[in-house]
Amino acid sequence: MEAGSSFRPNKILNSVLVKPAGPDCNLHCTYCFYLQKEALFPGQKKHRMTEPILKEMVKQVMQQGGQNVNFGWQGGEPTLMGRQFFEKAVQYQQRFGRPGQTVGNGLQTNGILIDESFAGFLADAKFLIGLSLDGPEHVHNKYRMFIGDKPSWQRVVKARDALLNAGAEVNALIVVNDYSVNYAKEIYKYHKKNGIKFMQFIPCVEPDPLDLGKAAPYSVSAEAYGNFLIELFDMWVNDFRYGQSTTSVRWFDSVFYTYVGMQAPECTLLQECGIYLVVEHTGDVYSCDFYVEPKWHLGNVMQDNLSDLLNSPLQNQFGAVKSAMPKECYSCEWVSHCYGGCPKDRRKDARDNSSNHFCQSYKMFFSHADARLRKIADEWMIAQGMKKPNNAPPTENDYVEVQPNDPCPCGSGKKFKNCCGKEL
C-alpha cells in the first residue's frame with residue numbers, strides 16, 4: 001500500500017515483544033543501546049513486571065490474537081525475572097488460549113543465569129532461545145563484559161551447552177561490530193562446530209556519545225559489513241544440500257523469501273513497519289524495540305486493548321516511516337529486496353544524511369549474490385511445484401491470460417510487462 005493511503009486493513013495481533021525486566025541487565029556490553037532506557041523510569045532502581053501486568057498482557061494476546069501468536073521475551077536481560085515468571089507465563093497462555101490456537105515463545109538471553117534446570121524447562125516448554133554469543137572467545141569478550149571489564153564468554157558457553165544438552169532450539173545472536181566484522185568465516189565455523197546451526201547477525205551502528213555527529217567507534221562501516229555479508233553468503237551457499245541450506249542465517253533466509261515472490265518474515269525487509277508491539281515491564285506499549293521513546297508511546301496494557309493500539313493512528317504513522325524511503329531507493333534495482341532497510345539505521349550516524357547506514361553494504365551483497373539467489377529460487381520453486389523447468393512442455397493450464405501489470409508467471413517478482421511479456 002502506498003504511503004498516505006486512507007485505507008488500511010486491520011492488522012492481526014500476532015506478535016508482541018516483552019521487556020519484563022526493562023533495561024536491567026547483569027552484563028555491561030559496550031555497544032548496548034537499551035541500558036539507557038532506564039531514563040524513562042525515573043526513581044526506579046529495579047525494573048520488574050508484576051504478575052497482574054503479565055496476566056493481562058497474556059490474556060489480551062491470546063484472546064485478541066490470531067490462530068498463531070508469538071511472545072518474544074527480551075531485555076535488558078529477561079532471565080532476571082527467574083524461571084518461575086516464565087512458568088507462570090506459560091500457564092496463562094494455556095489458560096487463556098483458544099481451541100486450536102498455537103503459541104510460540106522466544107527468549108533472547110545472555111545466558112548468564114541459565115543453569116541445567118532452567119535449560120530443561122525452556123526445552124520442555126519449547127522456547128526458541130536466542131543466545132547472545134558473538135563467537136569465539138576473543139570476539140565475544142571484545143565488548144560483552146560484566147561491570148568491571150570481567151569477560152563473560154565462559155559463562156555464556158556453559159549456558160549454550162546446557163541448552164543444547166537439554167534439547168532446546170538455540171539461535172546464536174551475533175552483533176557485527178568494528179572488530180567481529182573481520183572474522184566472518186571464523187564466527188560461522190565456530191558456531192557450526194559447537195552445534196548451533198541457526199544464526200542471526202546484527203550489524204551495529206550507534207551514535208558516538210562523545211560526538212553525536214558520527215557513529216560510535218565500535219560501529220561497523222558499510223564497506224566492511226558488505227564484505228562480511230559476501231564472505232558469509234559464500235559459506236552459507238556452500239552448505240546447500242538438496243535445495244536448502246543446512247545452516248540458517250536469518251537475514252539470508254528472509255532475503256530468499258523476496259526471491260520467490262513471498263513476503264519476508266523479517267520486518268526490516270518489509271515495505272512498512274509496525275507489525276508488532278513492544279510491552280515494557282510497566283505495561284507501557286511502544287511501536288518498536290528500537291523506538292522505545294516517548295514519541296512512540298502508544299498506551300498501557302492495563303488501560304488499553306493491544307489490538308486497538310496495533311491499529312492506532314500513531315502506530316500506522318510509525319509504520320509509514322519506513323515507506324518514506326531515502327530518495328536514492330526509488331531508482332535502486334534492489335529496492336524490492338530491502339525497501340530501504342530498518343529506519344533506525346538511517347538515524348544513528350549523522351554523516352549518513354538520513355540514508356541507511358548499510359545501503360552500500362546491501363548493494364555490495366546483492367551485486368555479488370543476485371545470480372546465485374535467482375538460481376536457488378528457481379530450483380526451489382520447481383521443487384515446490386510453483387514453477388516448471390525451462391524445458392518442460394506446456395500444458396493446457398499454462399495458457400492463461402496475463403495482463404501487463406500482473407506478476408510474471410515465471411516467478412521473478414517483476415510485472416509481466418517488465419519480464420517475460422516485454423517482447424510482446
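Contact means heavy atoms within 4.5 Å. Helices (H or I, at least four residues) and strands (E, at least two) are DSSP runs, numbered from the N terminus. The model is predicted: local features need pLDDT of at least 70, side-chain atom pairs count only at pLDDT 80 or more, and totals for chains, interfaces and linings use all residues. Residues are numbered from 1 along each chain as its sequence is written, and side-chain values use heavy atoms, with hydrogens and water left out.

The protein chain contains twelve helices and 14 strands. Of its 424 residues, 51% count as buried. Buried means under 20% relative accessible area, exposed over 50%, and partly exposed in between (1.4 Å probe, protein chains only). Contacts between residues at least 6 apart in sequence were also examined: 68% of them join residues at least 24 apart.

Helix α10 (residues 313-323) has a set of buried residues: Gln315, Asn316, Phe318, Gly319, Ala320, Lys322 and Ser323. These buried residues pack against two strands, β12 (277-280) and β14 (297-300). They also pack against the helices α9 (306-310) and α11.

Axes are lines fitted to C-alpha atoms, for helices over the stretch in contact, and angles run from 0 to 180 degrees between N-to-C directions. Angles under 35 degrees count as roughly parallel, over 145 as roughly antiparallel, 65 to 115 as roughly perpendicular and the rest as oblique. A crossing is left-handed if the near helix is turned anticlockwise from the far one by less than a right angle, and right-handed if clockwise. For residue classes, Ala, Val, Leu, Ile, Met, Phe, Trp, Tyr, Cys and Pro count as nonpolar, Asp, Glu, Lys and Arg as charged, and the others, Gly among them, as polar.

The axes of α2 (83-96) and α3 (residues 116-124) come within 11 Å and cross at roughly 15°. Helix α2 is therefore roughly parallel to α3. The crossing is left-handed. On the α2 side, Arg83, Phe86, Glu87 and Val90 take part; they meet Ser117, Phe118 and Phe121 of α3. By class, the residues of this contact are four nonpolar, one polar and two charged.

Helix α3 also meets helix α5 (residues 153-166), with axes that come within 8 Å and cross at roughly 45°. This angle makes α3 oblique to α5. Here the crossing is right-handed. Helix α3 contributes Ala119, Gly120, Leu122 and Ala123, and α5 contributes Ala162, Leu163 and Ala166. Six of these residues are nonpolar, one is polar and none is charged.

The crossing of α8 with α12 is right-handed. From α8, the contact involves Trp251, Phe252, Val255, Phe256 and Tyr259. From α12 come Tyr362, Phe365, Phe366, Asp370, Leu373, Arg374, Ile376, Ala377, Trp380 and Met381. The contact of α8 with α12 has 13 nonpolar, no polar and two charged residues.

Aromatic rings were then paired. Rings of Phe, Tyr and Trp (its six-membered ring) pair if their centres lie within 6.5 Å; planes under 30 degrees apart count as stacked, over 60 as edge-to-face and the rest as tilted. The structure holds 30 aromatic pairs. In one of them, the ring centres of Phe71 and Trp73 are 5.8 Å apart and the planes lie at 10°, so the pair is stacked. Both Phe71 and Trp73 are buried. Ring pairs also link a cluster of Phe233, Trp236, Trp251, Phe252, Trp334, Tyr362, Phe365 and Phe366.

The peptide bond from Gly75 to Gly76 is cis, with omega near 10°. Gly76 is placed in the loop between β2 (65-73) and α2. Asp149, in the loop between α4 (137-140) and α5, is a residue other than glycine with a positive phi, near 65°. Asp149 counts as exposed, at 60% relative accessibility.

The loop between α11 (335-338) and α12 (359-383) holds Ser354. Ser354 is not a glycine, yet its phi is positive, at about 70°. Its relative accessibility of 52% makes Ser354 exposed. Arg351 is found in the loop between α11 and α12. Arg351 is exposed, with a relative accessible area of 53%. Leaving aside neighbours within four places in sequence, Arg351 is in contact with Gly213, Lys214 and Ala215. The C-alpha atoms of Arg351 and Gly213 are separated by 6.8 Å, although the two residues are 138 residues apart along the chain.
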